[in-house]
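Biologist: I would like to learn how to read a model of this kind, one feature at a time. Could we look at it together?

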Amino acid sequence: MDGLSAVLLLALSAFASATLLPGSSEALLLALLAAGEPAAPLVAVATAANLAGSLVNWALGRFLIRFRDRGWFPVSAAALARAERGYRRWGLWSLLFAWVPVVGDPLTVAAGVLKVGFWPFLLLVGLGKAARYTLLAAGFSAVAG
């Protein structure tokens with residue numbers, strides 16, 4: 001696989017991983033690092049694509065929450081209620097943990113429902129996701145290097 005194809009595949013995986021679609025961007029990132037691809041562009045692409053997926057979730061919460069009773073709405077009422085409780089308890093800073101499996105995706109939808117502003121959302125979710133991918137790549141480098 002050439003470098004561009006690898007990066008595009010990582011972007012698709014990272015985007016899907018941030019939505020409620022299945023994806024495993026961490027495993028793909030590690031595989032690409034093991035194949036010798038440079039870390040910095042991979043981390044940047046994975047972070048940007050994963051953040052874009054979270055922005056889709058935020059928009060669902062912000063603009064499409066009125067459809068939450070429809071079968072196609074991607075977050076169950078129970079998951080959304082848990083995420084809203086967590087957000088209300090921990091506040092804006094909880095968005096630094098939007099990368100955490102199982103709770104992160106509903107948390108980003110809840111942020112939209114609760115009308116978190118675009119820029120604070122972008123900053124905090126982006127920082128959390130960038131830290132995750134950076135630490136993952138650094139850990140790989142430390143183990144492999």
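Biologist: Is Phe118 buried, partly exposed or exposed?

Modeller: The general idea is a relative accessible area computed with a 1.4 Å probe on protein chains only, where buried means under 20%, exposed means over 50% and partly exposed lies in between. Phe118 has a relative accessible area of 34%, so Phe118 is partly exposed. Before we go on, please keep in mind that this is a predicted model, in which local features need pLDDT of at least 70 and side-chain atom pairs count only at pLDDT 80 or more, while totals for chains, interfaces and linings use all residues. Residues are numbered from 1 along each chain as its sequence is written, and side-chain values use heavy atoms, with hydrogens and water left out.

Biologist: How is a pair of aromatic rings described, and what kind of pair do Trp58 and Phe118 form?

Modeller: Such a pair is described by the distance of the centres and the angle of the planes. Rings of Phe, Tyr and Trp (its six-membered ring) pair if their centres lie within 6.5 Å, and planes under 30 degrees apart count as stacked, over 60 as edge-to-face and the rest as tilted. By this rule the count comes to 5 aromatic pairs. In one of them, Trp58 and Phe118 have ring centres 5.9 Å apart and planes at 65°, so the pair is edge-to-face. This pair links distant parts of the chain, with Trp58 in helix H3 and Phe118 in helix H6 (residues 118–144), 60 residues apart; helices here are DSSP runs of H or I with at least four residues, numbered from the N terminus.

Biologist: What kind of pair do Trp58 and Phe121 form?

Modeller: The rings of Trp58 and Phe121 have their centres 5.9 Å apart and their planes at 35°, so this pair is tilted. Trp58 is buried at a relative accessible area of 8%, and Phe121 is buried at 0%. Together with Phe63, Phe118 and Trp119, these two residues form one aromatic cluster.

Biologist: Which residues of H4 are buried, and why do they lie on the same side of H4?

Modeller: An α-helix has 3.6 residues a turn, so residues three or four places apart point the same way. In H4, the buried residues are Ala79, Leu80, Ala83, Glu84 and Tyr87. They cover an arc of only 135° around the axis, taken from the directions from the helix axis to the C-beta atoms, which puts them on the same side of H4. The face turned away from that buried side carries the exposed residues Ala77, Arg82, Arg85, Arg88 and Arg89.

Biologist: Which helix do the buried residues of H4 pack against, and what does Ser94 touch?

Modeller: The buried residues of H4 pack against helix H5 (104–113). Just after H4, Gly91 takes a positive phi of about 75°. Ser94 lies in the loop between H4 and H5 and counts as buried at 10% relative accessibility. With contact meaning heavy atoms within 4.5 Å, Ser94 touches Tyr87 and Leu107, not counting residues up to four places away in sequence.

Biologist: Where does UniProt place the feature "transmembrane region"?

Modeller: The unreviewed entry in UniProt places this feature at residues 43–65 and 86–103; the positions follow the numbering used here, feature names are shortened, and annotations may be inferred rather than shown by experiment. In the model, residues 43–65 are 91% helix and 0% strand, with the end C-alpha atoms 32 Å apart. Residues 86–103 are 28% helix and 0% strand, and their end C-alpha atoms lie 9 Å apart.

Note on methods:
Helix = DSSP H or I, 4+ residues; strand = E, 2+ residues; numbered from the N terminus.
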